[in-house]
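These notebook entries record what I looked up in the structure shown below. I kept them in the sequence in which I worked.

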Amino acid sequence: MYQRDWIDLAAYEHVPESYVSEVLDDFFDLAKMGFTYQPWAHFSEPLFAGKRVHVVHDQLGFPTRLTMNPPNEQGRPEIRIFVLGGSTTFGYNVSDEHTFPTHLSAVLNERARAENLVAHIEVTNYGRGFYYPSQETALLIDLLRMGHRPNLVIFMDGVNLGDLQDLPPFYSRFERRFRSMQFSGLDPANQSASWISERLGWIPMVRVTKAIQNRMSAAPKKPEEEQEKEDFETRHGVNMFRQNQLISRAVCQAYKIECLFFLQPNAVFNYPTQLWRRSLPKSFMKSRDWLQLVYAQMQQDEGRIYLGDLFRLYGEGRKAIVDDCHYSPGFGRFLAEHVAKYVNLGRLVPGASGIKETEATGTARTSN
């Protein structure tokens, strides 16, 4: 139903409909597999091998969306770049070759050749559905603790906001399951009517709207009190981004790793309403108004690169969203080109990255 309601074939410019059909079949099958448990960060997409969509293990057993890096035929020293983000980074409803990390690899390798840089750029896509900055910070620390040493880490955030308590998605389900493991008489399968709501809650547009509504629910009737509550919610939303950026930057600096933080294009924030294939929920404009307050504050933050106006720069009338929030193949390339402008390849030392087995806190993980 999600695909029927939201998928916009017109957004897949120059991509055959049969190809798109294979991509959507893959995502339908991937969704049926659910998520797999991941230490510290809670969950990720499971290993998956479709026609156009693949989730694979990296060298240490972390799930990653397959990035189609060009082959390193000449055996050049590598510059390793990790990309962290949510489902827009993972690349929901587009193929492996059309995710923005795959496009980023192509753009940067093209530049390396043009600049006669003796290096091969290897991009790894750690984007995961639902992920927001707090989970990405936990994932970053886990990657480094296990021995990964990239040259550069890129964070692409802004769509997923987290909840008011700064708890990961599915937290309540994990909590119930954990309790049922300890005490008899509690049936985790007894999900009753709330199961339907939770099943629908994964849909990105529903999730974003629900998250914002939860932050702003039960507002007092007095205008001054309502404004005070809105300011409170906005402050916590902004603080979540700021504190995680502070922590992640400090961690990267401790390991002498470059890092870039982007405030990403966000369909709820400013994608033209007339470009969606279907009508939007009534709560959409209220969500947009609140999100614009958050973006206005974060846009001013030092060290965060603002890409919130890329829909406008992409071209009037061009569809950049294939469903309700995920980037089209063409816009993925456009986004990658703008991200690449901020990557200083000259600062990144080829061959100075890899895996430090002698510093790892554990062995490679093999669970799915």
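**Entry 1: Arg-304**

I began with a side-chain pair: Arg-304 and Asp-301 are joined by a polar contact of 2.6 Å. I took a polar contact as a pair of N or O atoms within 3.5 Å; within protein, one must be able to donate a hydrogen and the other to accept it, and residues adjacent in sequence count only if both atoms are side-chain atoms. The model is predicted, so local features need pLDDT of at least 70 and side-chain atom pairs count only at pLDDT 80 or more, while totals for chains, interfaces and linings use all residues. Residues are numbered from 1 along each chain as its sequence is written, and side-chain values use heavy atoms, with hydrogens and water left out.

I placed Arg-304 in strand E11 (residues 304-306). Helices (H or I, at least four residues) and strands (E, at least two) are DSSP runs, numbered from the N terminus. Is Arg-304 buried or exposed? Arg-304 is buried, because its relative accessible area is 9%; buried means under 20%, exposed over 50% and partly exposed in between, with a 1.4 Å probe and protein chains only. Beyond its neighbours within four places in sequence, I listed contacts (heavy atoms within 4.5 Å) of Arg-304 with residues including Phe-241, Arg-242, Gln-245 and Met-298. For Gln-245, 59 residues away along the chain, the C-alpha separation from Arg-304 is 8.5 Å.

**Entry 2: Whole chain**

I noted 13 helices and 12 strands in the protein. Of its 368 residues, 51% are buried. Among contacts with a separation of 6 or more, 79% come from residues 24 or more positions apart.

**Entry 3: Aromatic pairs**

How many aromatic pairs does a search of the whole structure find? I recorded 23, where rings of Phe, Tyr and Trp (its six-membered ring) pair if their centres lie within 6.5 Å, with planes under 30 degrees apart counted as stacked, over 60 as edge-to-face and the rest as tilted. Phe-130 and Phe-170 have ring centres 4.9 Å apart and planes at 65°, so this pair is edge-to-face. Phe-130 lies in the loop between strand E7 (120-125) and helix H5 (133-145), and Phe-170 in the loop between strand E9 (152-157) and helix H6 (171-182), so the pair ties together parts 40 residues apart in sequence. Phe-130 is buried at 7% relative accessible area, whereas Phe-170 is partly exposed at 23%. I also logged one aromatic cluster whose members include Tyr-271, Trp-276 and Phe-334.

**Entry 4: Salt bridges**

I found 14 salt bridges in the structure, each a side-chain nitrogen of Lys or Arg within 4 Å of a carboxyl oxygen of Asp or Glu. Arg-318 and Glu-13 form one of them, at 2.7 Å from N to O. Arg-318 is in the loop between helix H12 (310-314) and helix H13 (329-340) and Glu-13 in the loop between helix H1 (2-6) and helix H2 (17-32), so the bridge ties together parts 305 residues apart in sequence. Arg-318 is partly exposed at 33% relative accessibility, and Glu-13 is partly exposed at 27%.

Within helix H5, Asp-142 and Arg-145 sit three residues apart, about one turn of the helix. Their salt bridge has its closest N and O atoms 3.0 Å apart. I noted Asp-142 as buried at 1% relative accessibility and Arg-145 as partly exposed at 27%.
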